[in-house]
Amino acid sequence: MRTSHYGNLRKYIKKSFFEIAYNNEYSKEKSKLRRWEKPIKYRVDYFNLPPKIEMVETLIDEHFKDLSSIINLPITKDDKNPNFRIVLTKKITL
């Protein structure tokens, strides 16, 4: 049986979510699951980039739709009152 690209993407999103939820970027030790209890309202900000990149915003929106269904928590875009910000910027080599 062949898994669709969409199925692989959902598996990747789920795996990534659990890696982030159970790990701590400041320590190699496993941590307790941190759960977001309230609906997530996100905004995408651009730093040193064009003001809005439609393809990027569409990908972010689709990832959040999938994640919302996986974790059973509302995740919506809210440019006026977000409680989660995504900042996109260029990589600068020093």
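Is Glu62 buried, exposed or partly exposed? Glu62 is partly exposed, with a relative accessible area of 39%. The classes are defined by relative accessible area with a 1.4 Å probe and protein chains only: buried is under 20%, exposed is over 50%, and partly exposed lies in between.

The model is predicted, so local features need pLDDT of at least 70 and side-chain atom pairs count only at pLDDT 80 or more, while totals for chains, interfaces and linings use all residues. Residues are numbered from 1 along each chain as its sequence is written, and side-chain values use heavy atoms, with hydrogens and water left out.

The protein has 2 helices and 3 strands. Their order from the N terminus is α-β-α-β-β. Helices (H or I, at least four residues) and strands (E, at least two) are DSSP runs, numbered from the N terminus. Of the 94 residues, 19% count as buried. Contact means heavy atoms within 4.5 Å. Among contacts with a separation of 6 or more, 68% come from residues 24 or more positions apart.

Helix α2 covers residues 54–71. Its 18 residues should span 26 Å at 1.5 Å a residue. The end C-alpha atoms of α2 are 26 Å apart, which agrees. The expected span is 1.5 Å times one less than the number of residues. Buried positions in α2 are Glu57, Ile60, Phe64, Asp66, Leu67, Ser68 and Ile71. Ser68 counts as buried because its relative accessibility is 17%. Beyond its neighbours within four places in sequence, Ser68 is in contact with Leu73, Pro74 and Ile75.

Most residues other than glycine have a negative phi. Asn72 is not a glycine, yet its phi is positive, at about 55°. Asn72 is also exposed, with a relative accessible area of 68%. Asn48 counts as exposed at 51% relative accessibility. The C-alpha atoms of Asn48 and Leu88 are separated by 8.5 Å, although these residues are 40 residues apart along the chain.

Side chains of opposite charge can pair when their charged atoms come close. A salt bridge is a side-chain nitrogen of Lys or Arg within 4 Å of a carboxyl oxygen of Asp or Glu. By this rule there are 5 salt bridges. One of them joins Glu62 and Lys65, at 3.2 Å from N to O. Glu62 and Lys65 are separated by about one helical turn, because they are 3 residues apart in helix α2. Lys65 is exposed, with a relative accessible area of 52%, whereas Glu62 is partly exposed.

Another salt bridge pairs Lys77 with Asp61, with 3.3 Å between the closest N and O atoms. This pair links distant parts of the chain: Lys77 belongs to strand β2 (residues 75–77) and Asp61 to helix α2, 16 residues apart. Lys77 is partly exposed at 33% relative accessibility. Asp61 is partly exposed as well, with a relative accessible area of 22%.

Arg43 forms a salt bridge with Asp45, and their closest N and O atoms are 2.9 Å apart. Arg43 is partly exposed, with a relative accessible area of 21%. Asp45 counts as buried at 15% relative accessibility. A network of salt bridges links Arg43, Asp45 and Arg85.

Pockets were located on a 1 Å grid over the protein atoms alone; a pocket is an open set of points where a 1.4 Å probe fits, with protein on both sides within 12 Å along at least five of seven lines. Lining residues have an atom within 4 Å of a point. Grid points are joined across faces, edges and corners, and a volume is the space filled by probe spheres set on the points. The largest pocket has a volume of about 770 Å³. Its lining comprises 21 residues. Phe17, Ile20, Ile40, Leu67 and Ile71 lie nearest its centre. Helices α1 (5–22) and α2 and strand β3 (84–89) each supply at least two lining residues. α1 gives the most, with 7 residues. The lining divides into 17 nonpolar, 2 polar and 2 charged residues. Here Ala, Val, Leu, Ile, Met, Phe, Trp, Tyr, Cys and Pro count as nonpolar, Asp, Glu, Lys and Arg as charged, and the others, Gly among them, as polar.
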